[in-house]
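I opened my notebook today to look up a few spots inside a protein. Come and read along with me.

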Amino acid sequence: MDTVSWVLLLCLAVLFYVVCSLYLLRYPLILHKRKRLGFYCRHISHRGGSGEKIENTMEAFTHAVSVGTEMLEMDCHLTLDGYVVVSHDNNLLRQTGDDKTVSSLKFQDLPLYEEKLEVTFYVGHYSTGKDRRFVLLENVLKNFPDMPMTLEIKENNDLLIKKVSNLVHKYSREHITVWASEESEVMAKCQKQNPSMPYMFTVRRGIMLLLLFYTGLLPFVPLGESVLMFYLPRIINRTYIPEEAYLKKRFVVYLLQKLTMRKSLFEHLIKRGLQVQLFVCNEETDMAAAFAMGATGVMTDYPTVLSDYIRKHPPPPAVY
């Protein structure tokens, strides 16, 4: 074959690949079996709704459930005496004023939360509450047996992962409890410890997801994850001030918005049975933007505000 023939053949192959990729992006169930999860949540309470009550307390979780949340998101650490507690930070300085770590203290010696705590994702706003005590994960699972939960493992700690898994198994809630971690190494351990639990994309896997999407390979690749959780970029440097210097640059946030907020990507994942949750939306305009982008769920620090928004804007019928 001459050069022209090879070029024509290559062009036809590329065209065939592009057409197949676009078609399967829209109709993924031709190749993939739809995931069947034990939950579908539009309303997720971040740290139990840390804008309305002190974060990750039993009062916060109880309040969020009472106003209509459909999922609780929380973080797990291990105390010195081996109890799994719900706490976002290991170092307690921000939460309690004491420069100590959860892992260095026994459960009974954990200090109380500050009386007034700034909402991480709503700069300049504070929450208060009657309950300022740290709570055991087991008590949360026991009090809300049917409530879907996302449990983020905050340390690369084999014992912590094992104990969380054992608690989830003890209360027979694998089908409504999501493993969460930003780190792929930690997530691999979580999956190995309890493969029955659905799990989210880690940072590394999220980058891989974008690469697959932009190269057209995504429709051909199986996905083990069940949930995509990601920032709604428009909150960055507005309601949420990040610690990372690179996220303070306007161009980086603009690029993040353009690369990640792709409605066709979200629609593809949803058709395959995954759920897409955008966080942390604390104003109605951000909640509206997240749902308009195609998110199946929104994570908020203000569960009452999100419940009111959903009540005023009921979802359209699902189309797959």
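Predicted model: local features only at pLDDT ≥ 70, side-chain atom pairs only at ≥ 80, totals over all residues.

**Entry 1: a serine**

I started with S87, and I found it in the loop between β3 (84-86) and α3 (93-96). Is S87 buried or exposed? Its relative accessible area is 0%, and buried means under 20%, so S87 counts as buried.

Next I looked up the polar partners of its side chain. A polar atom there lies 2.7 Å from the backbone oxygen of D89. The side chain of S87 also makes a polar contact of 3.2 Å with the side chain of Q95.

Then I listed what S87 touches, leaving out residues up to four places away in sequence. The list includes N56, D75, C76, H77, Y113, F134 and K154, and Q95 turns up in it again.

**Entry 2: the nonpolar cores**

I moved on to the largest nonpolar core, which has 76 residues. Which of them touch the most other members? They are M74, L137, V140, I153, V164, W179 and L278.

Leaving aside neighbours within four places in sequence, V164 is in contact with C76, V84, L137, L151, I153 and W179. Another core, of 10 residues, lies apart from the largest one, and its members include V85, Y113, L117 and F134.

I looked up F121 and Y231, a tilted pair with 6.3 Å from centre to centre and 40° between the planes. F121 sits in the loop between β4 (117-118) and β5 (126-127), while Y231 belongs to strand β9 (residues 227-231). The two are 110 residues apart, so I noted that this pair links distant parts of the chain.

Y231 also pairs with F230, this time edge-to-face, at 6.2 Å centre to centre and 80° between the planes. One aromatic cluster takes in F121, F230, Y231, Y240 and F279.

**Entry 3: charges over rings**

The charged end of R42 sits over the ring of F291, 4.2 Å from the ring's centre. K116 lies over the face of Y126, 4.9 Å from the ring centre.

Terms used: Residues numbered from 1 in each chain as written. Heavy atoms only, no water. Helix = DSSP H or I, 4+ residues; strand = E, 2+ residues; numbered from the N terminus. Buried < 20%, exposed > 50% of the residue type's maximum accessible area, 1.4 Å probe, protein only. Polar contact = N/O pair within 3.5 Å; in protein donor to acceptor, adjacent residues only side chain to side chain. Contact = heavy atoms within 4.5 Å. Core = buried A, V, L, I, M, F, W, Y, C linked by side-chain atoms within 4.5 Å. Phe/Tyr/Trp six-rings, centres within 6.5 Å; stacked < 30°, edge-to-face > 60°. Lys NZ or Arg CZ within 6 Å of the ring centre and 35° of its normal.
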